[in-house]
Each structure stands twice: as structure tokens, then as C-alpha cells.
Amino acid sequence: MKALTEADMTAYLAARFPDWRDVRIEGLHRLPLGASRETYRFDLGYSDGEGAHSDRLILRRDPPVSNVDSDRNHEYSAYRAIHGHGIPVPRMILLEEDPGPMGGAISIAEDLRGYHNSEYQLQEPAWQDKLPHIAGQMWGAMGRLAAVPVEALDLDFMVPATPESTAMQELDFWEATLDKNDVGPEPITRAAIRWLRRNPPPPAQKLAMVHGDFRAGNFLYDDDGNLIAVLDWEMAHRGDPLEDLAWSLARVFSFGKDDRRSGIAPREDAIRIWEAASGLTADPAALHWWELLNCVKGQGIWNSCAHAWTTTSGEREVIHAYAAWWLRNAQDRAILELMGHL
Amino acid sequence: MKPSIPVAAADLAARLRAEIVPELTGFRANNVAMGSAMIDMIAEEFDRAAARLFDENEAVRGLLERGGVAIAAPARPDLRISALEAENDRLRAALIDLQTALETRDDTDARALDADIWRELARSVERRRIASANF
């Protein structure tokens with residue numbers, strides 16, 4: 001894939017914004033964030049009729065092969081849709097869908113610098129006393145997202161869904177993802193899919209904008225553990241808000257290697273905080289269905305990692321092989337637990 | 001090979017983490033850290049992979065035979081990992097079909113075989129478990 005350079009960025013922005021003068025790009029470097037998209041940080045300087053400007057920015061670029069079936073327009077539009085509705089997110093600035101100029105579609109957003117996003121840092125002793133507060137921040141924000149009236153959001157770019165259709169729609173999508181990214185027979189995951197089809201959940205209590213990957217590691221927090229912004233909206237969709245709660249409870253994201261979910265709080269605490277913030281009820285049977293669905297989703301993503309690594313004709317991403325090795329068996333184990341066979 | 005591959009690989013992974021990762025930053029540091037974790041997984045898997053695949057293939061073949069599905073073992077066992085994995089894929093694909101069929105039945109034999117399949121699947125994830133996994 002074409003390397004991203006300061007010279008190319010400067011030329012692109014100068015052409016895109018003819019009124020800008022003295023365009024300067026400095027400190028362009030790739031960040032170790034995520035397996036599905038390339039993320040870069042840089043400083044931008046320019047002058048226009050209003051004077052000199054200096055901005056700190058984040059650039060995300062679509063790779064030729066990804067483990068997540070999404071694109072720049074989808075994530076860019078998701079950030080813009082939720083911005084201003086009580087869920088803190090970075091401000092989106094620019095979308096370029098033409099892969100020509102930068103070697104792939106890009107989006108540019110404000111860079112909220114000076115905060116943390118590491119899920120592993122939260123396991124260090126210095127953070128242990130702050131975890132209850134962080135739990136309130138994380139599952140509180142997730143609950144508030146669930147409560148946002150979906151009708152108030154511009155989600156025309158998303159696939160339509162109804163409270164009745166969303167569960168099987170998601171199951172169909174992730175089963176198709178597994179089929180498309182087949183890396184060998186998966187008896188445990190396939191058994192889970194059959195069980196999910198035999199035991200459909202009740203309709204969603206409400207339709208919500210589902211983040212799709214809301215967990216530790218995908219939000220910024222400050223030194224006191226306050227949530228600053230929710231990141232990584234590329235899998236956002238209309239759906240059952242229980243899906244986000246269930247994803248955050250996944251065993252594979254128990255970064256403390258214990259019962260705390262997302263490495264932050266016990267399952268019961270997470271559910272209690274989410275219920276209080278959302279005003280919704282996490283029906284145990286429905287939540288169980290979504291937890292198992294999310295295991296299928298997880299396996300779909302990890303298999304897609306293995307498939308992307310195996311089939312790419314370009315430069316391979318280490319994280320694709322690493323994630324597949326590290327997560328596929330743990331995901332099977334989580335399925336066994338949820339189905340009562342561990 | 002001497003020194004033993006698991007020991008040498010684990011040592012290499014530890015050196016990468018201790019000596020190289022601190023010299024790097026950002027994306028490159030993360031790649032090397034993941035690489036060292038992968039070498040740890042190779043060290044863990046190297047000694048056990050053939051044995052676990054051989055055991056699993058025998059167990060799954062037995063379950064399939066109980067379900068009336070005959071998949072003959074190779075006349076001369078090929079113990080290379082690639083051959084064992086190919087055999088494992090064939091057997092696990094047949095196991096999916098068998099379990100799907102059992103789920104449509106409601107008799108004692110079907111329930112007993114299905115329960116034994118689940119027990120074997122649980123054993124398989126324990127055999128494949130990675131020490132660094134979250135779960």
C-alpha cells in the first residue's frame with residue numbers, strides 16, 4: 001500500500017483547499033490503534049483570510065484488505081450523526097472517499113491529545129482505585145447512547161432495521177461474514193449459530209444507534225478516569241441497544257484475566273450502571289442471546305483477521321495474525337461457557 | 001534442535017520485549033510487542049501441537065463412527081502438523097454435519113452422542129488454550 005507522506009498530505013490539502021496558503025504537515029506518524037483501519041496523527045499549519053491556523057489532527061485510512069466490512073464514509077457519518085447528542089466524540093473535519101490521492105479513502109478528525117485509551121493501562125495498580133469511577137463513565141455513556149432517540153439522528157447511511165428484525169439481521173450478517181472469511185470448520189461457532197436461530201430473542205425494547213465495538217480500549221479517558229470521547233464507530237448500526245452492553249461483557253475483553261468485564265467491573269455492576277443510564281431493562285434471556293450473538297460476531301472478526309492476513313497480496317498487518325492466534329480459541333471457550341458446556 | 005525450540009523461542013520473545021520494544025515507539029513498538037507475544041504462542045504450541053491434533057482427530061473420528069459417519073484414518077499416519085490439521089478440518093466439518101443432524105432428533109441415543117460431542121469440544125478448547133488469553 002502506498003506510504004502516507006507529509007509531502008503527499010501537504011499537496012493533497014493544498015489542492016483540496018485552494019484558499020489555504022503555507023500549508024505545512026509535521027509529525028505524521030502511525031498510531032498503534034485497531035486492526036481494521038490505519039490511524040495517523042499529525043499537526044497541520046496553514047493561513048487563510050482569517051489568519052494563521054494550527055491544528056492537531058487524526059487521519060484514518062481504509063486499507064485494501066480489512067477484517068471489518070466498513071468504510072470511511074460509514075464511520076465518518078456515524079461520528080457526525082452522534083455528535084451533539086450527549087455522547088462525547090471527536091469532531092469530524094474531512095472525508096475523502098476517492099482512494100487515489102492518499103492511497104485509500106481517508107477521514108480527518110480533531111485529535112484529542114493528552115488522554116489515554118489503553119485497556120491494559122487500566123490493569124496497572126495505579127488505576128485500580130479509579131476503576132469504579134471509570135465503570136460509571138463507560139457504562140453510563142453506553143446507557144446514554146442507548147437512550148438517544150434514534151429518530152433524532154441522521155442515520156440514512158445505515159441499513160434499515162426494526163426492533164423485530166435487528167436480531168436476525170445481525171445474525172445473518174455475521175454468519176455471512178464467517179462464510180466469506182472461512183478459515184476452517186468451526187463446530188462450536190456453528191452450533192452457537194444454530195442455537196441462536198432456534199431461540200430468537202424478544203423484539204428490542206427500542207431501536208438505538210449501536211456503537212458496535214464499545215469496550216475498554218475504544219474510549220479516551222483522562223488522568224482521573226473521566227471519559228473524554230468514544231472512538232471507533234466503524235461498526236455502528238441501527239439495532240438493539242443490548243448488543244452494545246453484551247459486547248462490553250465479552251469474556252475475550254476481560255483484560256484483567258478475571259471476572260471483571262472489559263477489565264473494569266463485575267458483570268452485575270456493568271448491567272446496573274447501564275440500566276440506570278439508559279432507563280432500559282437488560283432482560284437476562286435477551287442479554288444472553290446478544291452475548292452469544294456477539295461471540296459469533298467476534299469469531300467473524302477474528303476469522304476475518306486470519307483471512308485478511310492469508311489472502312492479502314500487499315503488506316500484511318501483524319495484528320491480523322496476532323488477533324487470530326490470540327482470540328479464536330478464547331472466543332470458542334466463551335461460547336462454551338454461555339451455552340453451559342464449559 | 002538444541003537448545004529446545006520452546007525454550008529458545010520463549011527466551012527470544014522475552015528479549016524482544018525487554019530490549020527492543022523500549023527502544024521503539026508507537027506503531028513499531030506495538031508490532032514488535034505483538035511479534036514477541038506470537039513467538040511465545042509458537043513456543044507454547046510447538047511441543048503440543050502434533051499430540052493435541054492426533055488426540056483430537058482420534059476422538060472426533062470415534063464420535064463420527066458412533067454417529068454412523070465413517071472417515072477412515074490414513075493408512076500410514078502423517079504426523080506433520082499440516083497433515084494433521086488438514087485431517088482435523090475434514091473431521092470437524094463432518095462433526096458439524098453430524099451435530100446438526102442430531103439436533104433434529106429427540107431420542108436417547110442422539111442426546112447422549114450430542115452430549116459427548118460437547119464434552120469433546122470442551123476438551124478441544126482446553127487443549128488449544130493459550131497462556132496469554134484473556135479467557
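Two rings of Phe, Tyr or Trp count as a pair here if their centres lie within 6.5 Å, with the six-membered ring standing in for Trp. With that in hand, look at chain A of this predicted model: ring pairs tie A:Y120, A:W247, A:F253, A:F255 and A:W302 together into a cluster. Across all chains, a search of the whole structure turns up twelve aromatic pairs.

Let's zoom in on a couple of these. A pair of aromatic rings is described by how far apart the centres are and by the angle of the planes. For A:W127 and A:Y221, the centres sit 5.2 Å apart and the planes are at 85°, an edge-to-face arrangement.

Now try A:F173 and A:W174. Their ring centres are 4.9 Å apart and the planes meet at 90°, so this pair is edge-to-face.

Next, the place where the two chains meet. The size of an interface is often given as the accessible area lost when the parts come together. Chain B and chain A bury about 3,100 Å² between them, and 68% of that is on carbon and sulfur atoms. On the chain B side, B:W118, B:N134 and B:F135 provide 29% of the area buried against chain A, more than any other three residues. The contact draws 31 residues from chain B and 35 residues from chain A.

Ten residue pairs are in polar contact between chain B and chain A. On chain B, the elements giving two or more residues to this side are α2 (26-66), α3 (81-102) and α4 (108-127), with α2(B) giving the largest share, ten residues. By class, that side has 16 nonpolar, nine polar and six charged residues.

One last stop in chain B is B:A14, found in helix α1 (residues 5-20). At 36% relative accessibility, B:A14 is partly exposed. Its C-alpha atom is 9.8 Å from that of B:A33, 19 residues away along the chain.

Notes:
Residues are numbered from 1 along each chain as its sequence is written. Chains are lettered from A and ligands numbered from 1 in the order in which they are written. This is a predicted model: local features need pLDDT of at least 70, side-chain atom pairs count only at pLDDT 80 or more; totals for chains, interfaces and linings use all residues. Side-chain values use heavy atoms; hydrogens and water are left out. Contact means heavy atoms within 4.5 Å. Buried area is the accessible area (1.4 Å probe) that two parts lose on being put together, summed over both. A polar contact is a pair of N or O atoms within 3.5 Å; within protein, one must be able to donate a hydrogen and the other to accept it, and residues adjacent in sequence count only if both atoms are side-chain atoms. Helices (H or I, at least four residues) and strands (E, at least two) are DSSP runs, numbered from the N terminus. Ala, Val, Leu, Ile, Met, Phe, Trp, Tyr, Cys and Pro count as nonpolar, Asp, Glu, Lys and Arg as charged, and the others, Gly among them, as polar. Buried means under 20% relative accessible area, exposed over 50%, partly exposed in between (1.4 Å probe, protein chains only). Rings of Phe, Tyr and Trp (its six-membered ring) pair if their centres lie within 6.5 Å; planes under 30 degrees apart count as stacked, over 60 as edge-to-face and the rest as tilted.
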